[in-house]
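Let's walk through it together, one region at a time.

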Amino acid sequence: AELAGIEGVPLLSGVWEDDDVSALVALDGAARLLDAGNLRGAVVLAVDSLLSAEVVEWLEQTSRLKSSGMPVGLEPGEACVALWLDNAAAPGVTISGTSFAIEPQALADATTSTGDGTARTLLALAERFGLAQRPALWLLSDHNGEPYRANDLALAIVRARTTCPAFGAATVSYPALSFGDVGVARPLVAVCLAVAAFERGWAPAGECVVLAVGTSRRRAALLIAPTTAH
């Protein structure tokens, strides 16, 4: 708060200790409060680590850790991300909208995803913001190398492209290739990656859809775009 030049002590409005969908729940809630004029600004913070000995051992025991004997699995990482949201006229990104859905079969239940929940989040954004008419789409996925997430993403794209063919030709990026699986910080790391891509001119599209697939049945998607006023 001090480094950002915020006067006074910020109000702690909420704490979530769930899966990574909570980061987009918090982001959506903060954006709504800003739009309502109830806040001058908001910080959305996500922090997680999968690098402790206990977590790595648990991942290995549950066959989720990528290793020489397990070619499909996640590579553990850690991250802390803080995003500042306000309505000031300054370069940044605009949060166009968020969507949420429920997947019938959760990773935590040791089942295989149907892709239905993720597809419905994509189609909700497509309908609200006319994504079918976009010349290019960019998806930032939280796929981390695990079969469950690979299956969820593939089936979601197949389902979504029947209604919005643009999803079938979308560019899909995987932040986990660079940072590993950073747990609940995944969506906010993806937002930071999108901001850097927009600023440096290497974004494959003018907008970006950030996906969040929880270990529970929760799913979320966030649509952001570069802006000079947000």
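What follows goes from the nonpolar cores to a helix pair and then out to the loops.

A bit of bookkeeping comes before that. This is a predicted model, in which local features need pLDDT of at least 70 and side-chain atom pairs count only at pLDDT 80 or more, while totals for chains, interfaces and linings use all residues. Residues are numbered from 1 along each chain as its sequence is written, and side-chain values use heavy atoms, with hydrogens and water left out.

Let's start with the cores. A nonpolar core here is a set of buried Ala, Val, Leu, Ile, Met, Phe, Trp, Tyr and Cys residues joined through side-chain atoms within 4.5 Å. Buried means under 20% relative accessible area, exposed means over 50%, and partly exposed is in between (1.4 Å probe, protein chains only). The largest such core has 35 residues, and Leu85, Trp138, Leu140, Cys208 and Val210 have the most contacts inside it. Helices H1 (21–35) and H6 (186–200) each give two or more residues to this core, as do strands E1 (42–49), E2 (78–85), E4 (138–140), E6 (208–213) and E7 (218–227). Those labels are DSSP runs numbered from the N terminus, with helices (H or I) of at least four residues and strands (E) of at least two. There is also a second, separate core of 17 residues, with Leu125, Cys164, Ala170 and Ala221 among them. In soluble globular proteins, nonpolar side chains tend to be buried together.

Zoom in on Leu140 for a moment. Leaving out residues up to four places away in sequence, Leu140 touches Ser173, Pro175, Ala190, Leu193, Ala194, Cys208, Val209, Val210 and Leu211, where contact means heavy atoms within 4.5 Å.

Now for the helix pair. H3 (residues 116–129) and H4 (residues 147–163) pack with their axes 8 Å apart, at an angle of about 45 degrees. The axes are lines fitted to C-alpha atoms over the stretch in contact, and angles run from 0 to 180 degrees between N-to-C directions. H3 and H4 are therefore oblique to each other; angles under 35 degrees count as roughly parallel, over 145 as roughly antiparallel, 65 to 115 as roughly perpendicular and the rest as oblique. On the H3 side, the contact is made by Asp116, Thr118, Ala119, Leu122 and Leu123, and on the H4 side by Asp152, Ala156, Arg159, Ala160 and Thr163. The residues of this contact split into five nonpolar, two polar and three charged.

Next, the loop between E3 and H3. Ala106 counts as buried because its relative accessibility is 3%. Ala108 is found in that loop too, but Ala108 is exposed, with a relative accessible area of 62%. Ala110 also has its place there, and at 72% relative accessibility Ala110 counts as exposed. Check its backbone as well: Ala110 has a positive phi of about 60 degrees although it is not a glycine.

Finally, look at the loop between H2 (53–61) and E2, where Ser63 is found. Phi of Ser63 is near 60 degrees, a positive value in a residue other than glycine. With 45% relative accessibility, Ser63 counts as partly exposed. Ser68 is in the loop between H2 and E2 as well, and Ser68 is exposed at 84% relative accessible area.

Key
Ala, Val, Leu, Ile, Met, Phe, Trp, Tyr, Cys and Pro count as nonpolar, Asp, Glu, Lys and Arg as charged, and the others, Gly among them, as polar.
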